[in-house]
Amino acid sequence: MQIFTEKDKLITVIRSNYHLLPVINRFGIRLGVKDKTVGDICREKQINPLFFLAVVNTFHNVDYFPKTDLLTVSPLQIVAYLRKTHQYYLEYEVLKIERLLEKLLLGCPTQCTDLKMIDSFYRKYKKELFLHIMEEEEKVFPYIISLTQNRKRIPGYSISSYEKEHSDVDSKLNDLTSLVIKYLEPAYNDNDCNEFLIALSKFERDLADHARIEDNVLVPLVLELEKELGDE
Ligand SMILES: [Fe+2]
Ligand SMILES: [Fe+2]
């Protein structure tokens with residue numbers, strides 16, 4: 001397992017895994033990194049290196065999860081990172097997947113009921129994903145921000161009532177991938193379909209990583225804070 005540290009040059013991190021680029025971008029880091037190390041860049045951008053490395057290493061190694069490191073990070077920093085991730089999903093990933101699905105549909109010369117079924121399944125999934133993200137953006141994150149900043153419980157609200165439907169959103173995307181692999185009829189374009197599936201699987205991994213940070217880091221942190229602040 002390759003674990004990055006503050007001493008590693010950022011160019012080494014990027015060259016080891018180009019999928020880390022959008023993750024790194026969410027911290028406001030862009031290319032032109034010269035020979036700077038992770039530590040140099042974090043100091044320059046005023047990023048908590050512990051948080052940066054925890055996120056990057058978790059994304060790079062599926063089995064790595066530095067829960068104790070992350071539990072020292074402020075919920076505000078985690079929320080800011082998660083919000084950037086939502087924005088990336090809505091403004092880039094989802095649109096890319098849709099473009100690829102559209103190309104796949106256009107390339108089909110016949111009725112293609114199978115592809116139409118996949119398309120309608122995708123639309124339902126997208127609606128659910130958007131609802132989930134909106135709920136977090138409009139209710140959950142503002143609650144966490146207010147709790148952290150004001151250090152006061154809000155009557156009638158607790159984090160434990162939240163994040164029950166992650167497994168549902170995750171499994172729907174998994175079902176969609178299986179649907180394509182198992183039931184696609186022969187009249188499809190190989191390259192278009194491969195690109196679509198690869199984009200779906202990349203998105204699935206990114207989402208699972210995102211949900212892991214919400215469920216295993218953010219929620220326990222907020223529960224701890226609620227306990228500290230006492231009854232509503
Ligand atoms: Fe989220
Ligand atoms: Fe979520």
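How many helices and how many strands does the secondary structure of the protein contain? The secondary structure comes to nine helices and zero strands, where helices (H or I, at least four residues) and strands (E, at least two) are DSSP runs numbered from the N terminus. The model is a predicted one, in which local features need pLDDT of at least 70, side-chain atom pairs count only at pLDDT 80 or more, and totals for chains, interfaces and linings use all residues. Residues are numbered from 1 along each chain as its sequence is written, chains are lettered from A and ligands numbered from 1 in the order in which they are written, and side-chain values use heavy atoms, with hydrogens and water left out.

Read along the sequence, the pattern is α-α-α-α-α-α-α-α-α. Along the principal axes, the C-alpha atoms fill a box of roughly 60 × 50 × 25 Å.

**Helix packing**

Axes are lines fitted to C-alpha atoms, for helices over the stretch in contact, and angles run from 0 to 180 degrees between N-to-C directions.

| Helix pair | Axes come within | Crossing angle |
|---|---|---|
| H4 (residues 49–60) and H9 (residues 190–229) | 10 Å | roughly 135° |
| H6 and H9 | 10 Å | roughly 160° |
| H6 and H7 (residues 113–150) | 11 Å | roughly 170° |

Angles under 35 degrees count as roughly parallel, over 145 as roughly antiparallel, 65 to 115 as roughly perpendicular and the rest as oblique. H6 and H9 are therefore roughly antiparallel to each other, and H6 and H7 are likewise roughly antiparallel. H4 and H9 are, by their angle, oblique to each other.

A crossing is left-handed if the near helix is turned anticlockwise from the far one by less than a right angle, and right-handed if clockwise. H6 crosses H9 in the left-handed sense. By class, the contact of H6 with H9 has 22 nonpolar, three polar and eight charged residues; Ala, Val, Leu, Ile, Met, Phe, Trp, Tyr, Cys and Pro count as nonpolar, Asp, Glu, Lys and Arg as charged, and the others, Gly among them, as polar. The crossing of H6 and H7 is left-handed, and the residues of that contact comprise 22 nonpolar, three polar and eight charged.

The crossing of H4 and H9 is right-handed. In H4, Val55, Thr58, Phe59 and His60 meet Arg205, Asp206, Asp209, Arg212 and Ile213 of H9, contact meaning heavy atoms within 4.5 Å. These residues divide into three nonpolar, two polar and four charged.

Donors are N, O and S atoms within 2.8 Å of the metal (3.2 Å for Na, K and Ca); water is not among the atoms, so sites may look incomplete. Glu136 bridges the iron ion (ligand 1) and the iron ion (ligand 2), which lie 3.2 Å apart. Distant parts of the chain are linked by the pair His86, in helix H6 (residues 75–106), and Glu214, in helix H9, 128 residues apart.
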